[in-house]
2 protein chains.
Amino acid sequence: MKIRLSILGATGSVGGSAVSLVEAYPEVFSVAALAAGKNHRLLYSLIRRFRPRLAAVFSEREREALFKLFKEEGCKSPPQVETGDYGLELCALHPEADVVLSAVSGARGLVPAFAALRAGKKVALANKESLVMAGDLLGDRERALISPVDSEHSAIFQALGGTLETGPLRRILLTASGGPFRGYSPMRLKSVTLEEALSHPSWNMGRRITVDSATMLNKGFEVMEAHHLFKVPYERIQVLVHPESLVHSMLEYPDGSILAQLGPPDMRIAAAYALTAPKRLPLLEDLSGQGLRPLDFQRPLTFEEPDRLTFPALALAEEAGKKGGTLPAILNAADEEAVEAFLQGKIHFTLITRVLEESLSRLGGSPLNSLEDALEADKSAREYALSLMRKFES
Amino acid sequence: MKIRLSILGATGSVGGSAVSLVEAYPEVFSVAALAAGKNHRLLYSLIRRFRPRLAAVFSEREREALFKLFKEEGCKSPPQVETGDYGLELCALHPEADVVLSAVSGARGLVPAFAALRAGKKVALANKESLVMAGDLLGDRERALISPVDSEHSAIFQALGGTLETGPLRRILLTASGGPFRGYSPMRLKSVTLEEALSHPSWNMGRRITVDSATMLNKGFEVMEAHHLFKVPYERIQVLVHPESLVHSMLEYPDGSILAQLGPPDMRIAAAYALTAPKRLPLLEDLSGQGLRPLDFQRPLTFEEPDRLTFPALALAEEAGKKGGTLPAILNAADEEAVEAFLQGKIHFTLITRVLEESLSRLGGSPLNSLEDALEADKSAREYALSLMRKFES
């Protein structure tokens with residue numbers, strides 16, 4: 001029996017890893033649904049290759065562009081194509097999908113991920129915003145349906161043998177590369193450029209997560225993610241900077257023993273495990289032509305404390321996570337807007353964290369009782385962050 | 001329900017770890033039987049503390065010394081005391097023991113370990129000679145009763161969640177400290193002393209295993225042990241020198257993912273896990289007053305290839321393991337005698353490996369069909385090694 005996938009965010013970075021797995025293992029996977037954003041050309045080529053029943057794009061504009069391509073190329077059995085959040089949700093709930101890979105970027109991933117989980121579908125979760133914004137709303141039944149895709153959480157999931165149940169634990173040691181600005185002073189950070197922020201030392205990822213790694217907010221989000229996935233209190237989750245990015249995270253037990261997962265920094269490994277756990281595919285053999293190499297243990301593995309002074313976003317996130325309510329959703333929304341402004345050259349790198357601070361302290365948190373609460377906090381925080389940045393600009 | 005232990009080698013190094021666990025957790029463990037060698041004074045104090053039903057000592061001499069102590073101190077309910085191999089075997093088969101910890105040093109451990117396994121008892125196995133000499137005679141039913149105590153095999157056992165079943169695997173990466181002479185040239189090895197050989201850089205162990213670590217024969221024995229415990233072919237077991245001795249071994253899967261177990265180099269962790277797996281005791285909390293500290297990740301973790309030129313004993317063992325039959329038993333017996341001679345100052349360090357080479361090539365191997373075959377090979381090899389060393393001396 002093939003594993004029938006619905007891939008949300010099929011044209012993104014993690015989506016690309018999933019696509020290469022489906023291509024390498026046509027006997028293992030098939031594709032029921034594909035959702036993309038604005039890259040209709042790439043989506044079109046995926047549709048031709050995998051023939052899903054359903055596709056989704058960002059808006060009517062991409063839908064029309066897609067239909068134009070179907071017509072030009074004489075596509076015989078084009079899929080149903082839907083748009084916007086509705087399209088994403090339809091893909092997440094597609095009756096022929098066994099596993100939903102949620103690799104959408106940002107808050108847009110929240111509703112479809114919860115829709116799939118509440119419908120009892122297995123979700124391979126790369127969209128960390130779902131847990132950051134609304135992890136507290138996750139019931140045990142839904143939680144058990146999640147397989148993490150983030151390399152750090154995958155590491156812990158793997159060390160646990162493919163479950164989220166840790167049993168008694170001393171700590172989760174969540175490793176962090178430290179990003180491109182590791183070792184910088186707060187002063188030196190003032191002169192970094194967009195290009196530098198986009199040069200991640202070890203991982204090849206999407207633009208937003210790359211910038212979030214540079215501020216270390218991403219690691220703060222991952223702390224929240226670990227808290228919700230593994231039901232581990234914040235005091236027991238410790239960030240450890242590991243610049244080589246080969247140890248992907250660790251579990252420390254009360255007897256002093258530590259289990260770690262290591263591997264090349266390649267998302268295909270974590271993505272594959274999320275789809276097939278506890279089984280594993282022979283990726284080293286089958287993807288060797290596509291750049292997957294075993295670890296060679298040539299470089300020393302080093303570890304250091306994170307620098308919370310230079311990277312205050314990490315502590316901001318840890319704090320927001322502990323306080324809970326809608327604060328994490330506010331933090332994420334403000335960050336999405338701030339990073340977008342940074343990517344467009346509108347604000348400087350160090351202002352990203354300032355936008356986060358101001359947004360959290362100005363908006364404050366409120367209780368989180370439903371997805372609507374999270375979505376409303378998201379909306380207000382975006383508005384506030386945008387107005388704040390307009391002030392910076394002027 | 002307490003776990004009732006029979007500890008073979010109670011006065012040795014691993015035995016001492018077990019004793020400290022029983023002392024720290026009287027609600028978890030009780031002691032049904034204790035076997036020691038010649039250290040009757042220490043055994044006596046253990047008997048007073050744990051009140052086993054049965055004790056065993058090396059010979060009639062230690063038995064009498066023990067009875068004398070019972071009498072002098074007015075011991076009210078002294079245990080039954082037996083001697084020699086018979087005494088060891090009785091301890092291994094004691095009906096009130098749930099788990100037999102076999103921490104005897106050397107070939108003497110073979111018969112009692114197999115006796116316990118064949119009787120269906122769970123065996124926490126520190127005596128690697130049992131597997132080196134006769135691992136091929138182990139049936140699946142007996143194998144499933146073993147919990148490894150050696151830190152390397154415990155690491156793999158832990159990474160597997162407390163089972164010996166690896167599933168599809170690329171490699172076992174068996175880490176080695178490299179011993180006190182790591183980085184030496186073959187020439188420089190010619191001038192090392194007994195004291196230097198006994199100064200292990202990271203582990204505090206018995207004298208024979210410390211010398212075996214210095215020649216790296218111990219790591220070769222551990223390769224055999226891993227082969228038999230985890231049913232992994234020799235080609236898939238790779239020794240990796242890791243001088244910091246914090247990563248205790250690793251499993252590499254066909255997808256490129258590696259699971260590793262790390263921890264302070266302290267035998268109490270592995271011994272406790274062997275006794276309670278898959279559960280763990282809160283050792284960090286309960287043994288903090290006795291020197292157990294969590295890993296602090298201050299030092300870089302480094303890895304290098306073993307130097308098979310300077311340490312030919314490693315390759316000798318790997319070769320003997322692959323060829324099988326009685327060769328591993330011959331290798332072990334020759335080594336026991338050679339190390340004993342080295343410890344007594346009779347031969348130089350580099351002669352140990354020469355004794356091994358000569359013994360293997362002179363005696364050759366024969367098929368291994370029973371424990372008797374292994375014991376016979378053991379006997380002939382000792383005789384040969386002793387005669388060979390007499391030649392060296394003269």
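This is a predicted model: local features need pLDDT of at least 70, side-chain atom pairs count only at pLDDT 80 or more; totals for chains, interfaces and linings use all residues.

Trainee: Okay, sheet time. How many strands form the sheet in chain B, and in what order?
Mentor: There are 7 strands in an open sheet, and the order is β4-β3-β2-β1-β5-β6-β7 in chain B. The pairing is parallel.

Trainee: Which strands are at the edges?
Mentor: In chain B those are β4 (80–83) and β7 (146–148), each of which pairs on one side only. Going from one strand to the next, the twist averages 25 degrees.

Trainee: Can we zoom in on β2 and β3? How many bridges do they pair over?
Mentor: In chain B, β2 (residues 29–35) and β3 (residues 54–57) pair over 3 bridges, in the parallel sense. For instance, Leu34(B) has Ala55(B) in β3(B) as its bridge partner.

Trainee: And which helix lies across β2 and β3 of chain B?
Mentor: That's α2 of chain B, residues 40–50. Helix α2 of chain B runs at about 150 degrees to β2(B). Further along, α3 (residues 60–73) of chain B lies across β3 and β4 of chain B, at about 160 degrees to β4(B).

Trainee: New topic: rings. How many aromatic pairs are there over all chains?
Mentor: The count is 14. One of them is Phe157(A) with Tyr273(A), an edge-to-face pair at 5.5 Å centre to centre, with 75 degrees between the planes.

Trainee: What does that pair tie together?
Mentor: Phe157(A) is in helix α8 (residues 151–159) of chain A and Tyr273(A) is in helix α13 (residues 267–276) of chain A, so the pair links parts that are 116 residues apart in sequence.

Trainee: Which residues do ring pairs link into a cluster?
Mentor: Phe181(A), Tyr184(A), Phe342(A) and Phe349(A).

Trainee: What about charges over rings?
Mentor: In chain B, the charged end of Arg188(B) sits over the ring of Tyr184(B), 3.7 Å from its centre. Arg280(B) lies over the face of Tyr253(A), 4.2 Å from the ring centre.

Trainee: Last one: how much area is buried between chain A and chain B?
Mentor: About 2700 Å², with carbon and sulfur atoms giving 63% of that. The contact takes 35 residues from chain A and 35 residues from chain B.

Trainee: Which residues in chain A lose the most area to chain B?
Mentor: Asp255(A), Arg280(A) and Phe297(A), which together make up 24% of what that side buries.

Notes
Residues are numbered from 1 along each chain as its sequence is written. Chains are lettered from A and ligands numbered from 1 in the order in which they are written. Side-chain values use heavy atoms; hydrogens and water are left out. Two strands pair if DSSP finds at least two bridges between them. Helices (H or I, at least four residues) and strands (E, at least two) are DSSP runs, numbered from the N terminus. Axes are lines fitted to C-alpha atoms, for helices over the stretch in contact, and angles run from 0 to 180 degrees between N-to-C directions. Contact means heavy atoms within 4.5 Å. Rings of Phe, Tyr and Trp (its six-membered ring) pair if their centres lie within 6.5 Å; planes under 30 degrees apart count as stacked, over 60 as edge-to-face and the rest as tilted. A charge sits over a ring if NZ of Lys or CZ of Arg is within 6 Å of the ring centre and within 35 degrees of the ring normal. Buried area is the accessible area (1.4 Å probe) that two parts lose on being put together, summed over both.
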